[in-house]
Amino acid sequence: MTGMEKRDSLSPFPGRECICSRLHELADEEYRVFHSRLCPGTEGILGVRTPVLRQYARELLLEYGQQAAFSMYTLQPAPEGQVRLDTGDYYYEEKLLTGLLLGLWKAPAPRELEQKLVRFLPLIDNWAVCDMTCSGLKYIGKHREYFYPLLKSWLKSEETYTVRFGIVLLMDYYAEEMYLQELLSLYEQIYHEDYYVKMAAAWAYSVLLVKFYQPVFDFLKNCSLDPLTFQKTIRKACESRRISEEHKRELRLLKKKREDITGKEKG
C-alpha cells in the first residue's frame, strides 16, 4: 500500500469548521477590500489571496489524497435529516476552494467529474469562482468529445453562471479549428441578458479573433450579436497585444459601420 493510499484510508477529510478556521487564518484584510471591489455583490469574501488558496488546495490533496476533491463537503448531499446550505451560506473561498480541488482531482472517469460539476454549479455566483475554476479543469481538455454535449447544453440554461461556465470552458478547451464554426454559432445563439454572460461571450469571441482572425472577422461582419456583446468583443480584441494594429483598425472600422447602420435604423 502506498503512502497516498494510506492517507486516503486513515485520514478522513475534515469538516467545514476545520476548513473555515484555516481560511480565516489565511485571510488578508487588505486583499479582502481589494477583491470585494472586483466582485461587486459577492458576499462572504474573507480575503484569501488566490495563490495562497491554490497552495491550500494542494496541501489538502497532499494530506488526504484524491478524496480531498471527491469528499469536499460542499459537493456532498446533505446528511439525512439536515437541510443543505444555500450557496449564499458558504464563504467565497469555500466555493473557489471546491472548484480548485475539482481541477486537481484525477477523476477515474469523465462521468464522475460530470456528476461533481453538476453538483458544483449552484455554488457559482460570481465571475471569479467561475473563471478560475474553468482554468484548472484541464481534465476536460483531455476528454473533449465526452464533455462537449454537456457544455453546449449549459449555454441554454437560465442560470447566469451556468451559461458563463459553459462559455468559458468552451473557450478554454475547444478554441480549435475543428470547433470554430460551431462555437461562433453557439455563442451567437445565447439570449441570456445578464451582463456577465455577455462579457464572457465577448471574451470568447476576442480569443477566437486572436487565433482565427479572418474567419471570425468575416462572421462579425454579418452576425446578429446584440450591441453590448458586439462592442465588448471589439474592445477586448483591440486591447489584445496579440492582434496587429492593422487588424485593430479594421475592427474599429467595422464597429463604426455597425453603429452608423444602427443609428440610421433608429432614426
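This is a predicted model: local features need pLDDT of at least 70, side-chain atom pairs count only at pLDDT 80 or more; totals for chains, interfaces and linings use all residues.

Colleague: OK. How many helices and strands does the protein have?

Modeller: There are 16 helices and zero strands. Both are DSSP runs numbered from the N terminus: H or I for at least four residues makes a helix, and E for at least two makes a strand. The C-alpha atoms fill a box of roughly 70 × 40 × 35 Å along the principal axes.

Colleague: What share of the residues counts as buried?

Modeller: Of the 267 residues, 47% do. As for contacts (heavy atoms within 4.5 Å), take the ones between residues at least 6 apart in sequence: 72% of them join residues at least 24 apart.

Colleague: Which residues touch the most other members of the largest nonpolar core?

Modeller: That core has 89 residues, and the ones touching the most other members are L113, I140, F165, I167, Y174, Y187 and L220. Helix α11, residues 160-174, gives the most to this core, with ten residues. By nonpolar core I mean a set of buried Ala, Val, Leu, Ile, Met, Phe, Trp, Tyr and Cys residues joined through side-chain atoms within 4.5 Å.

Colleague: Pick one of those. What is I167 in contact with?

Modeller: If you skip neighbours within four places in sequence, I167 contacts L155, Y187, I190, V197, A200, A201 and A204. L170 is also found in α11, and L170 counts as buried because its relative accessibility is 0%. Leaving out residues up to four places away, L170 touches Y148, L151, L155, A175, L183 and Y187.

Colleague: And helix α10, which of its residues are buried?

Modeller: In α10, residues 144-154, they are F147, Y148, L150, L151 and W154. Their cover includes α7, α9 (138-142), α11 and α12 (177-188).

Colleague: New topic. How many disulfides are there?

Modeller: Zero in the whole structure. A disulfide is a covalent bond between the sulfur atoms of two cysteines, and here the cut-off is a pair of cysteine sulfur atoms within 2.5 Å.

Colleague: How many salt bridges, then?

Modeller: The count comes to 15. Side chains of opposite charge can pair when their charged atoms come close. The rule is a side-chain nitrogen of Lys or Arg within 4 Å of a carboxyl oxygen of Asp or Glu.

Colleague: Give me an example. What does R111 pair with?

Modeller: R111 pairs with E114, with the closest N and O atoms 3.3 Å apart. The two sit three residues apart in helix α7 (residues 110-120), about one turn of the helix. R111 is partly exposed at 45% relative accessible area, whereas E114 is buried at 14%.

Colleague: Where are the partners R164 and D131?

Modeller: This pair links distant parts of the chain: R164 is in α11 and D131 is in helix α8 (residues 127-136), 33 residues apart. Their closest N and O atoms are 2.6 Å apart. R164 is buried at 6% relative accessible area, and D131 is buried at 12%. There's a network too: salt bridges that share partners join E193, K198 and D226.

Colleague: Last one. How far does helix α13 reach?

Modeller: α13, residues 195-211, has 17 residues and reaches 25 Å from its first C-alpha to its last, close to the expected 24 Å. The expected span is 1.5 Å times one less than the number of residues.

Colleague: What caps the N-terminal end of α13?

Modeller: D194 does, with a side-chain oxygen 2.8 Å from the backbone nitrogen of Y196. The buried residues of α13 include V197, K198, Y205 and L209.

Conventions
Residues are numbered from 1 along each chain as its sequence is written. Side-chain values use heavy atoms; hydrogens and water are left out. Buried means under 20% relative accessible area, exposed over 50%, partly exposed in between (1.4 Å probe, protein chains only). A polar contact is a pair of N or O atoms within 3.5 Å; within protein, one must be able to donate a hydrogen and the other to accept it, and residues adjacent in sequence count only if both atoms are side-chain atoms.
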